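Keep the coordinates open as you read.

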Amino acid sequence: MIVDLGAKSTNIAISKQGELVFSRSISVGGEAFTRAISKFFGIEAMQAEEYKRTYGMSSNKLQGRVRQALEPVFSSVADEIKKSIYYYQSEENGEIPKSVIISGGTSALPEVSLSLTKLLGVEVVSGNPFSKVILDSSVIKSISGFAPFYSIAVGLAMNDA
Ligand SMILES: Nc1ncnc2c1ncn2[C@@H]1O[C@H](COP(=O)(O)OP(=O)(O)OP(=O)(O)O)[C@@H](O)[C@H]1O
Ligand SMILES: [Mg+2]
């Protein structure tokens, strides 16, 4: 299963032996996460965005208050992912995905993998869109932090290859 966590939406896909066998899009993403923090603390969107990127789902930073603000919207995304797994199993006779690979800007949220793994009961890992791309070691260093943003671009480029 691949979950692309974007700004306005979250795209869920299941691929089996390289074939797309299930896909679904939900209209919740990073912007809704920022809005939840903004409301919870009564702060401007810009500051809320910074809180989100700095503290994310961490339970020990800022006494887990940012996590607390994010929990309802984060759980709603996790619930939709669970529903997709359930639907794929029950209606399509599919298997439970072995792992969930996350991508997109919101996948850079601190402690997102651990939190999502706990809620889904399936291992969640960050995707590396450069894994099949030959790169110079200096380039690897400079782009590694931006990997979550490159999955769509690299995927489209590979499609042409
Ligand atoms: N370090 C970070 N921690 C948490 N969220 C982040 C981080 N960096 C970027 N984001 C969030 O990632 C989102 C942008 O991600 P991305 O570029 O994948 O979205 P998009 O593809 O433009 O949106 P969509 O797929 O919804 O059309 C924004 O909501 C931004 O706040
Ligand atoms: Mg996107």
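The model is predicted. Start with its largest nonpolar core, which has 29 residues. Those with the most contacts inside this core are M1, V3, A36, I37, V66, L70 and I102. Several elements give two or more residues to the core. Among the helices these are α1 (30-41), α2 (45-55), α3 and α4. The strands on that list are β1 (2-5), β2 (10-16) and β4 (100-103). Helix α3 gives the most, with eight residues.

Now turn to the helix pairs. Two packed helices are described by the angle between their axes and the distance between the axes. The axes of α1 and α3 cross at roughly 130° and come within 9 Å. An angle of 65 to 115 degrees would count as roughly perpendicular and one over 145 as roughly antiparallel; α1 and α3 are therefore oblique to each other. Their crossing is right-handed. On the α1 side, the contact uses A32, F33, A36, I37, F40 and F41. These meet V66, A69, L70, P72 and V73 in α3. The residues of this contact divide into eleven nonpolar, no polar and no charged.

The crossing of α3 and α4 is right-handed. From α3, the contact takes F74, S75, A78, I81 and K82. From α4 come S115, L116, L119 and L120. The residues of the α3 and α4 contact divide into six nonpolar, two polar and one charged.

Finally, look at the backbone in two loops. Most residues other than glycine have a negative phi. L62 is not a glycine, yet its phi is positive, about 55°. L62 sits in the loop between α2 and α3. E111 is another non-glycine residue with a positive phi, near 60°. E111 lies in the loop between β4 and α4. Are these residues buried, exposed or in between? L62 is partly exposed, because 15 other C-beta atoms lie within 10 Å. E111 is partly exposed too, with 15 other C-beta atoms within 10 Å.

Note on methods
Residues are numbered from 1 along each chain as its sequence is written. Chains are lettered from A and ligands numbered from 1 in the order in which they are written. This is a predicted model: local features need pLDDT of at least 70, side-chain atom pairs count only at pLDDT 80 or more; totals for chains, interfaces and linings use all residues. A crossing is left-handed if the near helix is turned anticlockwise from the far one by less than a right angle, and right-handed if clockwise. Helices (H or I, at least four residues) and strands (E, at least two) are DSSP runs, numbered from the N terminus. Two residues are in contact if their C-beta atoms, placed from the backbone, lie within 7 Å. Ala, Val, Leu, Ile, Met, Phe, Trp, Tyr, Cys and Pro count as nonpolar, Asp, Glu, Lys and Arg as charged, and the others, Gly among them, as polar. A nonpolar core is a set of buried Ala, Val, Leu, Ile, Met, Phe, Trp, Tyr and Cys residues joined through C-beta atoms within 7 Å. A residue is buried if 20 or more other C-beta atoms lie within 10 Å of its own, exposed if 12 or fewer, and partly exposed in between; C-beta atoms are placed from the backbone. Axes are lines fitted to C-alpha atoms, for helices over the stretch in contact, and angles run from 0 to 180 degrees between N-to-C directions. Angles under 35 degrees count as roughly parallel, over 145 as roughly antiparallel, 65 to 115 as roughly perpendicular and the rest as oblique.
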